[in-house]
Every structure is written in C-alpha cells, then in structure tokens.
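This report goes through a protein model region by region. Please keep the sequence and the structure in view while reading.

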Amino acid sequence: MNPFYREYSDYLAERFEGKVQKITIDTGAVCPNRDGTLGHGGCIYCSNDAFSPGRHRGESVTAQIEQGKAFFARKYPAMRYLAYFQSHTATHAAAGTFMSQVLEAAEVRDVAGIIVGTRPDCMPRELLDMLSDFNRRNMPLMIEYGMETSSNSTLARINRCHTHECTVDAVERTHKAGIDCGVHLIFGLPGEDRSVMLESVDAVNRLPVSFVKFHQMQIVCGTALARSVAEGREAAHCFNLDDYIDFCCTVIGKLRHDIAIDRFTAQCPASMLIAPKWGIKNYEFTAKLHRRLRELSSSRM
Ligand code: SF4
C-alpha cells in the first residue's frame, strides 16, 4: 500500500477481481477541434501520432482487442482487459455508432470493463444516458475527461475550444449518471506558473472525480506549439526532472486523498520529442518520486 497517495491500481483492484490491463482502441473517429466542427488546428501541443499512433485505424474493435490480448496473455494468461476508447475523440460520432463499438468491445472474451477518454464538450446527454444504462446493466464503465487546466485564459491560449465550466458540467452530469469519472491535467502549459497549476489541482478537488492523470508539458515535433516556440512566439515551461518531481510531491500533498492517481508523466516517442528530454521510463520516474516522498516525509519527523 502506497502511504503517500491512492494508486490507480488500488482503485482498479476495488472494482475488478484479478489483474486488468487497458487495451487502447482507435475507432477511426476524428477530433472536433480538427475536423472543423470547432476548429482545424487542434490543441497547440497535440500530435495524435505521438500520443496514440494510429496503427489500428481501419481495424475492427474486436481485432484491436484480440491483438492486445495476444500481446499481454503471453506473460499473464489469467489477465482480463479494459477496452480503452482513447485515441482522438471517440465520442465525436453519432451516439448509436459509438455505443455499438462499446457493445462490440464488451462482447470480446475476457473484457471486464470499458474506459472512455474524451473531451468534456463531447458527452451529449443522449450518449451519457446510453453509457449510464450500459454501466448499470453490462459491466463497469469509466469516463476520463481532458480538463488540462482550470484556467480559461490558458484554455484559450492552447486552443482547446472549451471552457473549464464545460468540464465541471460534464463531470457533474457523469457523476449524477452513476458513472465513475476522472480528469486529465497537464503541468507546464504556456503562461502557467506553479500557483496557476495548483489552482487546477484545487479545482479537481472540488469535482466528484475518482481518479486523475497528470503529465508534464511536452513539446512535440510538428505541433503548433513547437513552431511557436521555435519562432519565439510562445514560451512553454518545460520542467527539469528534479523540479517536476518536487512539484508532484506538492500536488500529492494538495490532492484529495480519495482520488486515485493514474500517472504523473507521459512519454511520446523519443524521435518526436523536442523537450523536455529526461531520458527515463515511467517506472523509473515513479521510483524517483517515491524516494523523494520518503525523504520529505522523514525530514518532517
Ligand atoms: S489533444 Fe485531443 S482534443 Fe486536442 S486536438 Fe488533440 S485529439 Fe483533439
């Protein structure tokens, strides 16, 4: 048991028997911030090639899950799976179309639950009602919303094309619908200092969420942010590793204790990453973070 914060694995262990593993699914849906519904350029830091390479585009939901199972079952034959609709904006499709993809995933043997990752402005009432019904009757379903920050001026600066009020509304509606949900924050967004980032953590504490994901701002090749930084039009705050570890310790001290933390870092392919180049794997980051938490705890004794 982690004495410093609630781990996402503990949250999953309370909801599912045995070991579960996420399998990411790409439904082929596009993002409303790219297809012209909201805009064409997308969020300034976004490169879907970096964060969810579209290698499965065109393959059925079942085929993608079976490929994932074949990979993980070699090591853990008793593993069960969570179908993770994460790539692009899977809920930016007709509600019936997305539900048929969820139902297809649920039919695959050894799938124990569903996770839907999406934008807060892409959860219409009709779809939420369907997902709520599915969650009650079929199997556990969880929703993750990309909140990114609670600052509306930052949301405008990074071209998210939604407000913080939109996130609050989506999370509250989801909670009322009986669905467990979580949010995603990015630390180091352009224009944000530590106090603004910690205001976002306070805002998360006020939401009825069960879990949260954090990651450091990354400048990725081919993005609008990379171009703006190269041309001197934008300054992104890229944490160095030690500063980020210390910042995460502060966040842990501030976050509501019942909220499980899924992760602290993201890793895009090294060939696409401009900054920050920490050169460590996620598990190495976690080990360093835990060491720092122990040091801080013993220095307070
Ligand atoms: S980060 Fe998400 S919401 Fe923003 S452009 Fe990329 S896919 Fe769309």
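A residue is called buried if 20 or more other C-beta atoms lie within 10 Å of its own, exposed if 12 or fewer do, and partly exposed in between, with C-beta atoms placed from the backbone. The model is a predicted one, in which local features need pLDDT of at least 70 and side-chain atom pairs count only at pLDDT 80 or more, while totals for chains, interfaces and linings use all residues. Residues are numbered from 1 along each chain as its sequence is written.

## Backbone exceptions

Most residues other than glycine have a negative phi, and most peptide bonds are trans. Asp-110, which is not a glycine, has a positive phi of about 75 degrees, and its place is the loop between H4 and strand E4 (111-118); helices (H or I, at least four residues) and strands (E, at least two) are DSSP runs, numbered from the N terminus. Asp-110 counts as partly exposed because 15 C-beta neighbours lie inside 10 Å. Cys-161 also has a positive phi, near 65 degrees, and lies in the loop between helix H6 (152-157) and helix H7 (164-176). With 19 C-beta neighbours inside 10 Å, Cys-161 is likewise counted as partly exposed.

A cis peptide bond, with omega of about -5 degrees, joins Ala-275 and Pro-276. Ala-275 is found in strand E10, whereas Pro-276 is in the loop between strand E10 (273-275) and helix H11 (282-299). Ala-275 has 15 C-beta neighbours inside 10 Å and therefore counts as partly exposed. Leaving out residues up to four places away in sequence, Ala-275 touches Ile-219 and Cys-238, where contact requires the C-beta atoms of two residues, placed from the backbone, to lie within 7 Å. The C-alpha atoms of Ala-275 and Phe-239 are separated by 9.2 Å, although these residues are 36 residues apart along the chain.

## Helix packing

Helix H3 (residues 61-73) and helix H4 (residues 95-107) pack at an angle of about 40 degrees, with their axes 9 Å apart; axes are lines fitted to C-alpha atoms, for helices over the stretch in contact, and angles run from 0 to 180 degrees between N-to-C directions. The contact is made by Val-61, Thr-62 and Ile-65 of H3 and by Gln-101, Glu-104 and Ala-105 of H4. These residues of the contact divide into three nonpolar, two polar and one charged, on a scheme in which Ala, Val, Leu, Ile, Met, Phe, Trp, Tyr, Cys and Pro count as nonpolar, Asp, Glu, Lys and Arg as charged, and the others, Gly among them, as polar.

H10 and H11 pack at an angle of about 65 degrees, with axes 10 Å apart. Ile-245, Asp-246, Cys-248, Cys-249 and Ile-252 of H10 make this contact with Lys-288, Leu-289, Arg-292, Leu-293 and Leu-296 of H11, and the residues divide into seven nonpolar, no polar and three charged. Lys-288, in helix H11, counts as partly exposed because 17 C-beta neighbours lie inside 10 Å.

## Nonpolar core

In soluble globular proteins, nonpolar side chains tend to be buried together. The largest nonpolar core here has 70 residues, of which Ala-83, Val-183, Val-209 and Val-212 touch the most other members; such a core is a set of buried Ala, Val, Leu, Ile, Met, Phe, Trp, Tyr and Cys residues joined through C-beta atoms within 7 Å. Leaving aside neighbours within four places in sequence, Val-183 is in contact with Tyr-145, Met-147, Thr-167, Val-171, Val-204, Leu-207, Val-209 and Val-212.

## Ligand shell

The ligand is surrounded by 10 residues, the closest being Cys-31, Asn-33, Gly-42, Cys-43 and Cys-46; a residue is near a molecule if its C-beta atom, placed from the backbone, lies within 6 Å of it. The shell around the ligand divides into three nonpolar, five polar and two charged residues.

## Exposed positions

Arg-233 lies in the loop between helix H9 (224-230) and helix H10 (241-254) and is exposed because 10 other C-beta atoms lie within 10 Å. Ala-230, in helix H9, is exposed with 11 other C-beta atoms within 10 Å.
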